[in-house]
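Here is a walk through one model, going from overall confidence down to single peptide bonds. Have the viewer open while you read.

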Amino acid sequence: TTDPLVIFTPSGKRGHFPVGTPVLTAARQLGVDLDSVCGGRGICSKCQITPSYGEFPKHGVSVAPNALSDWNSVEQRYQDKRGLTPGRRLGCQATIQGDVIIDVPPESQVHRQVIRKAASARAITMDPATRLYFVEVQEPDMDEPTGDLERLSRALREQWQIESLRADLSVLSKLQPTLRKGNWQVTVALYRDHHGGPARLLDIWPGLHEGGLYGLAIDLGSTTIAAHLCDLNDGRVLTSAGVMNPQIRFGEDLMSRVSYAMMNPGGDREMTAAVRTALNGLTQSLTTEAGIDPALIFEAVFVCNPVMHHLLLGIDPVELGQAPFALATSDSMSLPATQLDLTTLNPRAHVYILPCIAGHVGADAAAVALSEEPNKSKDLVLIIDVGTNAEILLGNTSRVLACSSPTGPAFEGAQISSGQRAAPGAIERVEIDPVTKDPRFTIIGCDLWSNDPGFAEASAATGITGICGSGIIEAVAEMRIAGLLDPSGLIGSATQTGTRRSVPQGRTHAYTLWDGTASGGPLITITQGDIRAIQLAKSALYAGARLLMDEMGVDKVDRVVLAGAFGAHISPKHAMVLGMIPDVPLDKVLSAGNAAGTGARIALCNIASRAEIEQTVHQITKVETAIEPRFQEHFVAANAIPHATEPFPELAQ
Ligand code: FES
């Protein structure tokens, strides 16, 4: 007689197993992805499965209702205590009695896919560096004089194939009481370094720990610090928040912060302290909002540009201010969070910082590469992460180039007369009627256009407060389309433009977007100075992209990806009217959202991706904009809207 046939779905893996084999055992032997924290003791309920009954001609089996063993006392106890979802069984308890088809629901898969993005096919499977293990430890006795840690270590080797274990003093002091309290059954949180080496014991709980395990993915920008609090079990983002980088008071952009450090003894330390304090505050507000214990945060992954990288680590960034822009280290960093004075997480939490590409191209660009994978793209893709400093990647499977370009904060609404951060009340979409030259707009927090009936009431809650980065880009582009601006970026007078919205301002003109002064609101105008600030920013962006294209020997790209929290909101059409990006069919301009933040989440959720990006950065060729004369030429030529010399054929259509 042959043993019963077991087929697992959705994997389709199949095999024959003797009657009485636990489903979990069969799954493990076939390499089916079925979770288990308690190692089959019927307490974690991670191993839930759903048997299917009936005729399955496609698989050549018919499954009888008694293909699995009846409920046993362990399952019954679990059912009484917490209840199993109807139709589900515990895979570690149910045993095989006949031919059977067994479905593994997504919640029971360890390596379930979590990050899937619309624009690209990247899917990431859960396999974080820190995981929980439930383990039964042998009690000590007089005949075996080993320590509790050695017995825990042996149990982990036998029950979980964890080869070696290391524990800090701070957790070692918890070990003995916890083992006894748990009656020699404990859950441990172990951190594995992706370069190998012993697992680190981060924490220990009596019995089965059900409080969860969390991590932070942090995009440390020069203007904004954005963080996601993620569940390390299923990859979910529990909550996200952003705060201003407090280093702004030492200098608006990167280079002014480097000069602050150069001019002021101890200035670097002041900036390091400021950012670390902000990170602690941010973590605290995230955990409060999510209602979780900060001690359950075991990992933080950082992505940042090189200057932020050094200031976070407490390294003076002066070398980054002058050629040859040497980094203290471009390698990834893996270190205890306490070394960075991060106190609002588990005291043994680990920090991972992605590798930098070069002195001006940081871990944030590496994170974008991890998330967008230009190195795996068949077509030539230009990825622009728009921020105070833009990271630009150009490449395909054969080669990837990277540079960074100092765009300045204009795209984030700074240095703009009515500029503000993207927050409720900020103008974000703008249209200008080419005939009447009258504008209409939307504000963040309200779906209506400003000329829609009901807009006044709908916008009353926030008011109209200013204009954010995407708003200013659209406003300038629309002004150009409506003939309010000439190609050099000059705002015409009322007579030249045919609208009284062009008002004289000193020796130049300004365009009135919104006049709320009658009701005590602001007067929002686009001034000549605003236009100049946007021209400088967009020229820097374009020149960086163009320089990479020169280096690659191409004058066309196949696809443009706009990344960055702000990149997600830019309208491709307006970006192209402005000449921010090279000419490409509009439907080939995609938005990737906060790709650097996504890259940080990927590295947080999947340990293999850390090795992957460390490998990838070595294959990226860095192009230095600061010392490249052609950058300057491209920059000057890109000042016109859209461009002085290069044609934009796609725009004409
Ligand atoms: Fe933990 Fe089945 S493996 S309950």
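What is the mean pLDDT of the protein chain, and what share of its residues reach 70 or more? This is a predicted model, and the chain averages a pLDDT of 90, with 96% of residues reaching 70 or more. There's one stretch to treat with care: residues 116–121 have a pLDDT below 50. Beyond near neighbours in sequence, that stretch has 9 contacts in the model. For the complex, the predictor gives an ipTM of 0.98 and a pTM of 0.81.

**How the chain is divided**

The protein chain splits into domain 1 (5–108), domain 2 (129–206), domain 3 (214–349), domain 4 (364–409 + 533–652) and domain 5 (418–526). Note that domain 4 is written as two segments, 364–409 and 533–652.

Domains 3 and 4 have their centres 24 Å apart, taken over C-alpha atoms. Their contact draws 21 residues from domain 3 and 21 residues from domain 4. On the domain 3 side, the elements giving two or more residues are strand E14 (214–220), strand E15 (224–231) and strand E17 (297–304). By class, that side has 9 nonpolar, 8 polar and 4 charged residues.

UniProt, in an unreviewed entry, places a "domain: RACo-like middle region" at residues 214–372.

**The six-stranded sheet**

Next up is an open sheet of 6 strands, in the order E30-E29-E20-E21-E22-E31 and with mixed pairing. Strand E30 (589–593) and strand E31 (620–622) are the edge strands, each pairing on one side only. From one strand to the next, the twist averages 20°.

At one end of that order, strand E22 (residues 399–405) runs parallel to E31, and 3 bridges join them.

Helix H14 (residues 595–605) lies across E20, E29 and E30, and runs at about 50° to E30.

E26 and E27 form a hairpin with 2 residues between them, and Gly-506 in the turn has a positive phi of about 60°.

| Strand | Partner | Bridges |
|---|---|---|
| E23 (residues 426–432) | E24 | 5 bridges |
| E26 (residues 502–505) | E27 (residues 508–515) | 4 bridges |
| E27 | E28 (residues 523–526) | 4 bridges |

Each pair has a facing couple to look up. Val-430 stands opposite Phe-441 in E24, Gln-505 stands opposite Thr-508 in E27, and Thr-512 stands opposite Thr-525 in E28.

Most residues other than glycine have a negative phi, and most peptide bonds are trans. With that in mind, where do the cis bonds turn up? One joins Ala-323 and Pro-324, with omega about 5°. Pro-324 is in the loop between helix H7 (306–313) and strand E18 (333–336). Phe-325 is in the loop between H7 and E18 too, and has a positive phi of about 55° although it is not a glycine.

Another cis bond runs from Ile-641 to Pro-642, with omega near 0°. Pro-642 is placed in the loop between helix H16 (629–637) and helix H17 (649–652).

Conventions: Residues are numbered from 1 along each chain as its sequence is written. This is a predicted model: local features need pLDDT of at least 70, side-chain atom pairs count only at pLDDT 80 or more; totals for chains, interfaces and linings use all residues. UniProt positions are given in the numbering used here, feature names are shortened, and annotations may be inferred rather than shown by experiment. Domain bounds come from an automatic or database domain assignment. Two residues are in contact if their C-beta atoms, placed from the backbone, lie within 7 Å. Ala, Val, Leu, Ile, Met, Phe, Trp, Tyr, Cys and Pro count as nonpolar, Asp, Glu, Lys and Arg as charged, and the others, Gly among them, as polar. Two strands pair if DSSP finds at least two bridges between them. Axes are lines fitted to C-alpha atoms, for helices over the stretch in contact, and angles run from 0 to 180 degrees between N-to-C directions. pLDDT is the predictor's confidence in each residue, from 0 to 100.
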